[in-house]
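User: Hi! Could you walk me through this protein?
Analyst: Happy to, let's bring it up.

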Amino acid sequence: MKNCYPSPVLHALQDSKEESVENITLSVSKTMTKESSVAVFDELNTAQRVKDIAQKILVLKKQKRSLEKNIFKLEQQLERIYDEEHVESLECDIGMLTRR
């Protein structure tokens with residue numbers, strides 16, 4: 001079989017007398033042009049870049065959830081302090097903290 005990758009299967013198919021052999025699709029060896037190899041490289045490179053960006057987004061979103069959770073805990077601590085002191089604002093070195 002012309003232009004096919006050398007394989008023992010090809011010899012078996014050539015020697016076969018069955019009609020169903022004609023319906024088998026064989027991979028044909030092709031030489032890639034420079035343009036097609038660049039296109040394939042760009043496609044693979046794009047897929048890798050997308051994967052890298054998606055992974056970075058996932059890491060940052062995980063960090064964001066962790067930060068938001070920590071901020072919420074600290075706000076709850078401030079709420080308890082305001083409740084214990086029965087005040088709506090407290091003075092500190094960064095200024096007046098007022099509960100809203």
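User: What share of the contacts between residues at least 6 apart joins residues at least 24 apart in sequence?
Analyst: That share is 12%, where a contact means heavy atoms within 4.5 Å. A quick note: this is a predicted model, where local features need pLDDT of at least 70, side-chain atom pairs count only at pLDDT 80 or more, and totals for chains, interfaces and linings use all residues. Residues are numbered from 1 along each chain as its sequence is written, and side-chain values use heavy atoms, with hydrogens and water left out.

User: How do β1 and β2 run, and how many bridges join them?
Analyst: They run antiparallel, with four bridges between β1 (residues 89-92) and β2 (residues 95-98); strands pair if DSSP finds at least two bridges between them. Ser 89 stands opposite Thr 98, while Cys 92 has Gly 95 as its bridge partner. A hairpin of two residues links the strands.

User: New topic: where is Ile 81, and is it buried or partly exposed?
Analyst: Ile 81 sits in helix α2 (residues 34-85). Its relative accessible area is 37%, so it counts as partly exposed; buried means under 20%, exposed over 50%, and partly exposed in between (1.4 Å probe, protein chains only).

User: And how much of the protein is buried?
Analyst: Buried residues are 6% of the 100 residues.
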